[in-house]
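Here are my notes on the model, point by point. Please read them with the structure open.

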Amino acid sequence: MLSKKTGKKLNTYVPDYVVFDLETTGVSCSSDAVVEISAIKVIGGEVVDEFTTLVNPGRPIPYYASEVNGITDDMVKDSPFFEEALSDFLEFAGDAVLVGHNIHTFDMKFLYRDAERFWGETIGNDYIDTLQVARMYLPQLSHYKLVDLAEYYKISTVGAHRALNDCRMNQIVFEHLAKEMANPSEDAKAVKKCPKCGNVLRKRNGRYGEFWGCMSYPGCTYTRNI
């Protein structure tokens, strides 16, 4: 939903939510554009509806982006521009909590940027980033990409890197993470969390030796001496 201020990042489970994903022309939240947006609505932990559309970015899609997501200029030439697609997505999502993987540092920034550009407002929905949740509750893993978590939970990764398929994958991952949150391992209980943003603290080496630093850096610059 449009708002004068952004929603809060949560690190908990909610049974009612909308999981979403974007595919883009590249990795820059300031200069790249959306080429696909998809979402799944969940009520009481059960999928009740889906939303998906390709998006005409108004520019050529770079070859390297098409190599990742399989979306080409020809596929999007008759698709809506993002102003229409984002409006439809916001209507679909309503005021639900948004869920996604790496959305804190990527997808939400696209939504904030373009909502401000189109309508002079931002997105007020609270949101949950499953990347950060996984780092907190599965500290034994060495990799945290969505496909890594899907493989850990034995979820099919067929069709990965298309937005709707990633939403379906992520929704199942989030329900598994709910069980981790409800019954955390001893390793998860020992994970140190940033008091400013709630992300995981990791040991880092600096000019004066080791220190605890937030994994949201440079967005969050919290540090603590060891």
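**Notes on strands, rings and charges**

1. Start with Gly213. Its contacts, leaving aside residues up to four places away in sequence, are Val200, Leu201, Arg202, Arg204 and Tyr222. Keep in mind throughout that this is a predicted model. Gly213 sits in strand E10. Its relative accessibility is 2%, so Gly213 counts as buried. Lys193 is 20 residues from Gly213 in sequence, and the two C-alpha atoms are 9.8 Å apart.

2. Next, the sheet around that glycine. Three strands form an open sheet in the order E9-E10-E11, and the pairing is antiparallel. Strand E9 (201–206) and strand E11 (223–225) are the edge strands, each pairing on one side only. On average, neighbouring strands of this sheet are turned by 35 degrees against each other, direction ignored. Strand E10 (residues 209–214) and E11 are joined by three bridges. Trp212 has Arg224 in E11 as its bridge partner.

3. Strand E6 deserves a look. Which way do the residues of strand E6 point? Val97 and Val99 point one way, Leu98 and Gly100 the other. All of these are buried. In general, side chains of a regular strand alternate between the two faces of the sheet.

4. E6 has parallel partners. Strand E3 (residues 17–24) pairs with E6 in the parallel sense over three bridges. Strand E8 (residues 127–129) also pairs with E6 in the parallel sense, over three bridges. Leu98 is a handy reference point. Val18 stands opposite Leu98, and Leu98 stands opposite Tyr127 in E8.

5. Asn170 comes next. Is Asn170 buried or exposed? Asn170 is buried, because its relative accessible area is 2% and the cut-off for buried is under 20%. The residue is found in helix H7 (residues 163–182). Asn170 touches Val19, Gly100, His101, Thr130 and Leu146, again not counting residues up to four places away in sequence. Gly100 belongs to strand E6.

6. Now the aromatic rings. The whole structure holds 10 aromatic pairs. One of them is Tyr13 with Tyr17, an edge-to-face pair with centres 6.5 Å apart and 70 degrees between the planes. Tyr13 is partly exposed, with 25% relative accessible area. Tyr17 is buried, at 1%.

7. Why is the pair of Tyr152 and Tyr153 edge-to-face? The planes of Tyr152 and Tyr153 stand at 75 degrees, and planes over 60 degrees apart count as edge-to-face. The ring centres of this pair are 4.9 Å apart. Tyr152 is partly exposed, with a relative accessible area of 34%. Tyr153 counts as buried, at 13%.

8. The phenylalanines form a group. Phe20, Phe51, Phe89 and Phe92 are linked into a cluster by ring pairs. There is also a charge to consider here. Lys41 lies over the face of Phe92, 4.6 Å from the ring centre.

9. On to salt bridges. How many salt bridges does the count give? The count comes to eight. One of them joins Lys4 and Glu121, with the closest N and O atoms 3.8 Å apart. This pair links distant parts of the chain, 117 residues apart. Lys4 lies in the loop between strand E1 (2–3) and strand E2 (9–10). Glu121 lies in the loop between helix H4 (103–119) and strand E7 (122–123). Lys4 is exposed, at 72% relative accessibility. Glu121 is partly exposed, at 22%.

10. Arg162 and Glu36 make another salt bridge, with the closest N and O atoms 2.8 Å apart. These two residues are 126 residues apart, and the pair links distant parts of the chain. Arg162 is in the loop between helix H6 (146–152) and H7. Glu36 is in strand E4 (residues 34–43). Arg162 is partly exposed, with a relative accessible area of 27%. Glu36 is buried, at 4%.

11. Two items remain on charges. Asp74 and Lys77 meet through their side chains in a salt bridge, at 3.1 Å from N to O. Both of these residues are exposed. Arg113, Asp114 and Arg117 are linked in a network of salt bridges.

How values were computed: Residues are numbered from 1 along each chain as its sequence is written. This is a predicted model: local features need pLDDT of at least 70, side-chain atom pairs count only at pLDDT 80 or more; totals for chains, interfaces and linings use all residues. Side-chain values use heavy atoms; hydrogens and water are left out. Buried means under 20% relative accessible area, exposed over 50%, partly exposed in between (1.4 Å probe, protein chains only). Helices (H or I, at least four residues) and strands (E, at least two) are DSSP runs, numbered from the N terminus. Two strands pair if DSSP finds at least two bridges between them. Axes are lines fitted to C-alpha atoms, for helices over the stretch in contact, and angles run from 0 to 180 degrees between N-to-C directions. Contact means heavy atoms within 4.5 Å. Rings of Phe, Tyr and Trp (its six-membered ring) pair if their centres lie within 6.5 Å; planes under 30 degrees apart count as stacked, over 60 as edge-to-face and the rest as tilted. A charge sits over a ring if NZ of Lys or CZ of Arg is within 6 Å of the ring centre and within 35 degrees of the ring normal. A salt bridge is a side-chain nitrogen of Lys or Arg within 4 Å of a carboxyl oxygen of Asp or Glu.
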